[in-house]
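I opened my notebook to keep track of what I looked up, one entry at a time. Come along and check each entry as you read.

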Amino acid sequence: HPDLRPDYTFENFVIGENNTLAANACMAISKNPGTAYNPCLIYGGVGLGKTHLIQSIGNYAWAHNPDIKIAYVTAETFTNEFIEAIHHNKNHQFKNKYRKVDILLIDDIHFLQEKTGTQEELFHTFNALYETNKQLVFTCDRPVSELKQLTDRLRSRFERGLNVDLQAPAFETRFAILKQKVEEKKVPIDDEVIELICRNVTTNVRDLEAALTRLIAYADLLHKKVTLDIARQQLKDVFSNPKMSNITVEMIQRVTAEYFNLSPNDLRGKKRTKAIAFPRQIAMYITREITEFSTTEVGLEFGGRDHTTVMHACQRVESRMQTDPSLEPIIQRIVRQIKEYGT
Ligand code: ADP
Ligand code: MG
């Protein structure tokens, strides 16, 4: 399909805890466009797979029914085409193009903010398609409620159907994604190198891929296998951050668990007995103190807990330190050990 990248398919999309809901919704839509989940809006930060997913809908639907009419467009292109159309008196062609499709996929609708003319046009496009049970899917970089410069009536259209978010993937999902790319490209990169990347690049999939691409280029150009040392060297600047970039949550869990005679799995697990819960909170607190991981990321690394749990843990440890003078030296000792471990 001319609008779609052929490699943005469901087969190439790794499902993890961060994207299951969105991916399932998109698969359901691609099988039965216009029936369930209409409209659908996928939102989330940069590089988390919005474009990949929305295009997968198109690719799947088109592969199963080549007669189906699909339009994929970014909100930016939609805006530019609309302006061009007005300019050249081709309003009619523009309307025909977008109001006569079975599936309309519009990427990055946050771009429409302040574009009141285009918003108006999209509002009417939306209504025309919606009333005839045509499928509409949108993506956005944040929840629609946070788009301030959007007319209320268009916002209410976006919010009408299913709104699902994409989160940053946890370590296991990051690993699965890179592993898939490595196998697909048949490059000589070992699991331990993949693991190194995934421990250090926690932001989004695009950054993960960029790190891998750099190593692949290295292997290609020098005909050399990428060892752990080479990977560390090549990705030094990617990993560097103002806090401790070589420290992983897993290391913190290992050292903290050891100090309290627990296993790292206890800290990641579900048990909430006092003997485990407090060391777990300490490990979360330390992670926040000495790394750049966000509360969301820390929560994910601790058995998929919510970011509010992490915030609560940090508050709890801080208030305990106020009342219990023996706690701070303990934490300092653990931190020292982690740093030794990390060098
Ligand atoms: P967004 O549109 O949210 O900024 P993209 O869809 O462009 O993000 O994704 C960035 C890159 O990461 C793309 O190359 C995409 O194929 C890849 N990607 C994202 N999520 C996944 C996933 N779950 N499995 C495989 N590849 C993914
Ligand atoms: Mg995108």
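**Entry 1: an arginine and its partner**

I began with R99, which is partly exposed because its relative accessibility is 27%. I noted the cut-offs: buried is under 20% relative accessible area, exposed is over 50%, and partly exposed is in between, with a 1.4 Å probe and protein chains only. Before going on, I wrote down that this is a predicted model, in which local features need pLDDT of at least 70 and side-chain atom pairs count only at pLDDT 80 or more, while totals for chains, interfaces and linings use all residues. Residues are numbered from 1 along each chain as its sequence is written, chains are lettered from A and ligands numbered from 1 in the order in which they are written, and side-chain values use heavy atoms, with hydrogens and water left out.

Which residue forms a salt bridge with R99? I found E121, with the closest N and O atoms 3.1 Å apart. A salt bridge here is a side-chain nitrogen of Lys or Arg within 4 Å of a carboxyl oxygen of Asp or Glu. R99 lies in helix α4 (residues 91–99) and E121 in helix α5, so the pair ties together parts 22 residues apart in sequence. Helices (H or I, at least four residues) and strands (E, at least two) are DSSP runs, numbered from the N terminus. E121 counts as buried, at 5% relative accessibility.

I saw that the structure holds 17 salt bridges. One of them joins K179 and D191, with the closest N and O atoms 2.6 Å apart. K179 sits in helix α7 (residues 171–185) and D191 in helix α8 (residues 191–200), so this pair ties together parts that are 12 residues apart in sequence. I also noted a network of salt bridges linking E195, R199, E250 and R254.

I wrote down three domains: domain 1 (20–165), domain 2 (171–239) and domain 3 (249–341). Their bounds come from an automatic or database domain assignment. How many residues of domain 2 are in contact with domain 3? I found five, and they touch four residues of domain 3; contact means heavy atoms within 4.5 Å. The area buried between these two domains is about 370 Å², and carbon and sulfur atoms give 38% of it. Buried area is the accessible area (1.4 Å probe) that two parts lose on being put together, summed over both. On the domain 2 side, F171, R199 and T202 lose the most area to domain 3, together 85% of what that side buries. I counted two salt bridges between domain 2 and domain 3.

Most residues other than glycine have a negative phi, and most peptide bonds are trans. I looked for exceptions. The peptide bond from N38 to P39 is cis, with omega near -5°, and P39 is in the loop between α1 (20–31) and β1 (40–43). D108 is not a glycine, yet its phi is positive, about 60°. Phi of H223 is positive too, near 50°. Is H223 buried or exposed? H223 counts as exposed, at 72% relative accessibility.

**Entry 2: a buried arginine**

My last stop was R280, in helix α14 (residues 274–290). R280 is buried, with a relative accessible area of 4%. A polar atom of the R280 side chain lies 3.1 Å from the backbone oxygen of G269.

How values were computed
A polar contact is a pair of N or O atoms within 3.5 Å; within protein, one must be able to donate a hydrogen and the other to accept it, and residues adjacent in sequence count only if both atoms are side-chain atoms.
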